Amino acid sequence: MLELVDVSYRYPGYARLVLRDLNLRIDDGEIVGLVGANESGKSTLCLVASGLAPASVGGVLKGSVMVDGAPLAGRPTHELAALVGLVFQSPNTQRSGVTGTVFEEVALGPVNLGLPVAETLARTREALALLRIADLADRNPAELSGGQAQLVAIASILAMRPRHLVLDEPTAQLDPEGTRLVGEALRALAGTGTALLIAEHKTDLLDGLCQRVVALEAGAMVLDGPAAETLGSPKLEALGVEPPSAVRLRRAAAERGLTLPAGAAA
Amino acid sequence: MPLAVLLVGVLPSALAAGILPRLVRLAGALSLPIGISVALVSIFTRAGETVLFQIGPFDATLEGVDFAAQIIVRLFVLAAALTLFGLTTEPRAFVVDLERRGLPPRLAFAAAATLEAIPTMIERALAIQSAQRARGLDTEGSLRARVRGVMPLVGPVILSSLTEVEERSLALEVRAFGRPGRRHLLWWLSDSPSQRLVRWALLAGLVVLFAGRAAGALPALP
């Protein structure tokens with residue numbers, strides 16, 4: 001279970017709070033979507049939920065972030081890595097730049113953990129298989145497409161086998177097929193008991209994937225409910241978030257006096 | 001002695017590796033700029049008894065030519081040896097082997113990242129150049145136009161590299177890069193007895209050279 005209790009946060013050197021009085025609990029195996037306009041605090045929430053803020057980023061955190069009931073505060077960052085994984089938006093900045101093959105790139109995290117070679121190999125193969133990119137194993141990570149590179153970045157975090165996973169717009173640079181693959185992999189991961197928090201602009205992905213979706217506005221949580229409820233909320237567009245296509249289709253049909261059969265817009 | 005190193009060590013090794021023409025070309029290009037400066041300064045400013053010719057107030061002396069030749073040979077041998085290393089050594093393999101021999105992972109990463117950063121920077125510069133050209137920047141034509149075309153690239157390349165630094169370092173943190181302690185590397189270089197023998201022989205040769213020089217048995221530059 002990943003839990004944020006009364007969390008407020010501001011970056012070093014700034015007086016303004018970027019996150020304000022947040023409470024969020026993600027149970028094991030639950031997938032929670034996070035939406036909001038740019039600058040609403042989504043990426044900051046991802047950093048805080050993974051423990052990197054303030055551990056690496058600095059700043060002031062009030063409240064606490066708990067993993068399975070234990071606070072993250074005070075732990076060294078390499079311990080955080082095994083508790084909460086964080087996938088960033090840009091595949092380029094996540095590439096280590098020191099490996100010659102995708103296999104080595106994915107294995108870098110387990111190697112850093114000091115695991116025995118056999119364990120590293122097993123984790124790496126498993127992560128590649130989970131994202132169905134085993135065929136990329138011998139490719140140069142610097143020569144992949146954006147979508148492939150992001151799948152490698154996600155596999156690199158999965159190979160760490162974190163208890164829980166936070167993803168900051170993981171499909172921003174993926175094509176529809178890549179997005180679908182990531183969605184399938186995340187669903188499979190949740191099936192293993194991992195709690196997932198996914199910040200995303202692609203509400204269609206969240207619509208089919210998440211049990212719950214929360215929305216941020218200026219660092220405060222303004223919507224929190226089952227995915228269908230939040231993503232179907234009339235407030236969503238006012239927050240600068242485009243509703244999923246199924247919701248838009250239902251609304252368009254309703255404006256024309258049409259009623260879609262149940263499940264037709266799913 | 002430098003010629004002996006070149007003829008007995010560097011060139012045969014390059015020939016065996018099939019890179020002799022490339023090595024000569026690269027080493028020549030590397031040593032040429034400094035070589036020209038050394039030649040000009042030495043030939044015309046070194047005092048000597050045998051004046052070959054004069055240009056204005058400057059005398060070109062035979063002693064100057066001799067000195068310049070010695071320095072240029074040394075420069076070329078140095079450049080050739082470094083080029084031989086660069087062309088025959090996979091940077092990543094070199095770094096992995098250094099770490100296996102006890103180099104701290106952070107230093108090994110810094111070395112590898114530095115080596116790998118060059119192609120990334122070139123790629124980024126080309127992308128920015130394409131973007132600038134699409135907006136009318138002239139990067140072809142005369143030397144002056146090319147130089148002028150480079151200037152708008154410098155700022156974006158440096159700034160974009162700097163803005164990525166924080167996310168890059170965070171991305172490494174989430175992969176336990178900061179963990180202290182030993183790592184079990186996935187692979188290592190094979191190190192045959194003959195390779196070890198050559199390394200020890202080179203080291204012994206180096207010691208002999210130092211000792212010979214210290215004892216005055218080997219000549220120094222005039």
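**Reading sheets, helices and a buried glutamine**

Analyst: Keep in mind that this is a predicted model.

User: Sheets, please. What is the strand order of the 6-stranded open sheet in chain A, and which pairing does it have?

Analyst: The general idea comes first. Strands of a sheet pair through backbone hydrogen bonds, either parallel or antiparallel. Here the order is β6-β7-β8-β3-β9-β10, and the pairing is mixed. β6 (84-87) and β10 (220-226) are the edge strands, each pairing on one side only. From one strand to the next, the twist averages 15 degrees.

User: Where do I see both senses of pairing?

Analyst: Look at β9(A). Strand β3 (residues 31-36) and strand β9 (residues 212-217) of chain A pair in the parallel sense over 5 bridges. A:G36 stands opposite A:L216 there. With β10(A), β9(A) pairs in the antiparallel sense over 6 bridges. In that pairing, A:R212 has A:P226 as its bridge partner.

User: How many residues lie between β9(A) and β10(A) in their hairpin?

Analyst: There are 2 residues between them.

User: Why is β9(A) described as largely enclosed?

Analyst: Count its buried residues. 5 of the 6 residues of β9(A) are buried, so the strand is largely enclosed by the rest of the structure.

User: Which helices lie across this sheet?

Analyst: Two to look at are α7(A) and α8(A). α7(A) lies across β6 and β7 (164-168) of chain A and runs at about 170 degrees to β6(A). Helix α8 (residues 176-190) lies across β3, β7 and β8 (195-199) of chain A, at about 150 degrees to β8(A).

User: Now the 4-stranded sheet of chain A. What is its order, and which strands stand at the edges?

Analyst: It is an open sheet in the order β2-β1-β4-β5, with antiparallel pairing. β2 (19-26) and β5 (70-71) of chain A stand at the edges. Each has a single partner strand, so one side of each is left without a neighbour in the sheet. Strand β1 (residues 2-10) of chain A pairs with β2(A) over 5 bridges. A:V7 stands opposite A:L22 in β2(A). Helix α1 (residues 42-49) of chain A packs on the sheet and touches β1, β2 and β4 (60-67). The direction of α1 makes about 120 degrees with that of β1(A).

User: How do I read a helix pair?

Analyst: Take angle, axis distance, handedness, then residues. Helix α5 (residues 102-112) and helix α7 (residues 146-158) of chain A pack at about 35 degrees, with axes 7 Å apart. Their crossing is right-handed. A:V102, A:E105 and A:V106 of α5(A) meet A:V152, A:A155 and A:S156 of α7(A). The contact residues divide into 4 nonpolar, 1 polar and 1 charged.

User: Finally, the glutamine. Is A:Q94 buried or exposed?

Analyst: Buried, because its relative accessible area is 7%, and the cut-off is under 20%. A:Q94 lies in helix α4 (residues 91-94) of chain A.

User: Which backbone oxygens does the side chain of A:Q94 reach?

Analyst: That of A:F88 at 2.9 Å, and that of A:S90 at 3.0 Å. Then list its neighbours. A:Q94 touches residues of chain A including A:E105, A:Q150 and A:A153. In chain B, A:Q94 touches B:A171 and B:R175.

Technical notes: Residues are numbered from 1 along each chain as its sequence is written. Chains are lettered from A and ligands numbered from 1 in the order in which they are written. This is a predicted model: local features need pLDDT of at least 70, side-chain atom pairs count only at pLDDT 80 or more; totals for chains, interfaces and linings use all residues. Side-chain values use heavy atoms; hydrogens and water are left out. Buried means under 20% relative accessible area, exposed over 50%, partly exposed in between (1.4 Å probe, protein chains only). A polar contact is a pair of N or O atoms within 3.5 Å; within protein, one must be able to donate a hydrogen and the other to accept it, and residues adjacent in sequence count only if both atoms are side-chain atoms. Contact means heavy atoms within 4.5 Å. Axes are lines fitted to C-alpha atoms, for helices over the stretch in contact, and angles run from 0 to 180 degrees between N-to-C directions. A crossing is left-handed if the near helix is turned anticlockwise from the far one by less than a right angle, and right-handed if clockwise. Ala, Val, Leu, Ile, Met, Phe, Trp, Tyr, Cys and Pro count as nonpolar, Asp, Glu, Lys and Arg as charged, and the others, Gly among them, as polar. Two strands pair if DSSP finds at least two bridges between them. Lists of a residue's contacts leave out its neighbours within four places in sequence.
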